[in-house]
Each structure stands twice: as C-alpha cells, then as structure tokens.
Amino acid sequence: MYTSNADTTPRLFLPDSLAADQPVALSEAQAHYLGRVMRMGPGDRLRLFNGRDGEWLARLDAVGRKHAVCVPETQLRPQAPDPDLWLAFAPLKREATELVVEKATELGVARLCPVFTERTNTSRINAERWRAIAIEAAEQCERLSVPDIAEPVRLPALLAHWPADRPLAAAIERQPHAMLHPLGASAGLLIGPEGGFASLEVELLRRHPFVVAAGLGPRILRAETAAIVGLALLQSRDGG
Ligand code: SAH
C-alpha cells in the first residue's frame, strides 16, 4: 500500500513577520489565488514562510477579491540555514534565464549574481521578474527562503568584490580541466554566456586565487544546462 507524502496545502511566501495568532495580510495576487483559483474560504488552512521565521500552518480568516487575512497557528518547521551556494551567471535569452532562476532556486542557491561578460548580449535584467520566479519556485519546492538577487555587475567587478575565502568554480568548456567537484560549505559557481568566455576573461579568471577552473564533461552544454549540472555537482557531497 502506498502512503501519500504529498502535502497539497497551499504554501505562500510573504515579507511580514510570522508569529502565533498575529494576523497577516496577503497580497492581492495571493488573495486572488486562494479565493478564485483554489476556491478557499475562511477556516481553510495554508502554509506560510518569510525566509526568517520558519514555516507556519495558518488559518484563512477572510478572503475577498483583493484582500485576504490569515492567522499563523503553529510553526511546522523552524528556520534552517540554506546551503551557502552562490550562482554567478551571464544572463541568457529570456526563457533560458528564467529557467536558470527557477532551477537554481530549487537547487537551494542562496544568491543569484547576474554578471555581464564580453559576449553577453543582454545589457539589463528584470530583477522584479527574477524575484517573482524565485518566490514561486521556493513556494513549490518547500524551501524556507528565497534567494537574494545581487546587483548585476561586469565580470571584473564581480571578481574584484568576490569574498576571497569563497571558492568560485568557473565552468570553462573545451579545456582539460578536472571535473567540477564539491568545494566546501561556502562556494560559488560561475557560468558563462551562450558564446562562452573570451580568452582574456579566462586569463582574468585564472589570476584570482579563489577561482577553481572546472569542467563539466566532454560535451559543450548550453549555459542553462551547465548551471543546473554544475549546481548538482557542487552539492553532491553533502546533499545540499
Ligand atoms: N559557445 C561556446 C560554448 C559556451 S557554453 C563554445 O562553443 O565554446 C556556455 C557556458 O556553459 C560556458 O561559458 C561554460 O561556463 C559552460 N559550459 C558548457 N559546457 C561546459 C563544459 N563541458 N565544461 C565546463 N563548462 C561548460
């Protein structure tokens, strides 16, 4: 006989503090989702998290077209630390970029660092959209936080400000590098743009002692595949 381990109670992120019996207001979009899409009403239960106070089971108190109020009742899980893993990547075409944001969130990344390289053909990022995608992925994958989104910077600035004690695995294709291996509790992964890193950029990377040049196997992966595979490899030791 199978036992279902699915928890279908809706799970929502919100910025407010969560504490027992302290009512919180939900956003208009959340009110719409609960009332119209899920057809929930007063007394129904949902789960809430805010990245600080763990996860709470809450009771929906009121739900209207644009407003909903709910009351946290019991804490289901205390806040626990995330894997201390940062992903720096060159923004890609919109769909591929959004895939990376979603998958990196599912894979526990604490910080997303958009980085512009010589061959990046986008000059802006839509941080608000990235955040919305990250929130939705965090809600779905049951993590207790939403990754930070750093200010976009050019590659030299990323390296100049990178913490020296945080190894940065730079995924560089077509070189006989050892396969990427886990680098310890605090680490970063750098993935280049669709066109790869320019040779001067590879040289620049090599000049930084915290950079570990790493391979992802003999085939040339699309950047979005490389990000997902690299994150999985970095987490393969402790199950992050
Ligand atoms: N157009 C380039 C490939 C870029 S792949 C070329 O033909 O050479 C996009 C990014 O994914 C690269 O910058 C690198 O960071 C990563 N990547 C893809 N395949 C890789 C591999 N086999 N090893 C390491 N990094 C890889």
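This is a predicted model: local features need pLDDT of at least 70, side-chain atom pairs count only at pLDDT 80 or more; totals for chains, interfaces and linings use all residues.
The domain assignment places residues 11-77 of the chain in domain 1 and residues 84-234 in domain 2. Contact between the two parts involves ten residues of domain 1 and nine residues of domain 2.

About 770 Å² of area is buried between domain 1 and domain 2, and carbon and sulfur atoms account for 57% of this area. On the side of domain 1, Arg11, Phe13 and Phe49 together provide 62% of the area buried against domain 2, a share that exceeds that of any other three residues.

Polar interactions were also examined across this interface. Eight residue pairs in polar contact are found between domain 1 and domain 2, with both residues of each pair at pLDDT 80 or more. One salt bridge is found across the interface of the two domains. A salt bridge is formed between arginine 47 and glutamate 142, whose closest N and O atoms lie 3.2 Å apart.

Classified by residue type, the side of domain 1 that touches domain 2 comprises four charged, three polar and three nonpolar residues.

Technical notes
Residues are numbered from 1 along each chain as its sequence is written. Side-chain values use heavy atoms; hydrogens and water are left out. Domain bounds come from an automatic or database domain assignment. Contact means heavy atoms within 4.5 Å. Buried area is the accessible area (1.4 Å probe) that two parts lose on being put together, summed over both. A salt bridge is a side-chain nitrogen of Lys or Arg within 4 Å of a carboxyl oxygen of Asp or Glu. A polar contact is a pair of N or O atoms within 3.5 Å; within protein, one must be able to donate a hydrogen and the other to accept it, and residues adjacent in sequence count only if both atoms are side-chain atoms. Ala, Val, Leu, Ile, Met, Phe, Trp, Tyr, Cys and Pro count as nonpolar, Asp, Glu, Lys and Arg as charged, and the others, Gly among them, as polar.
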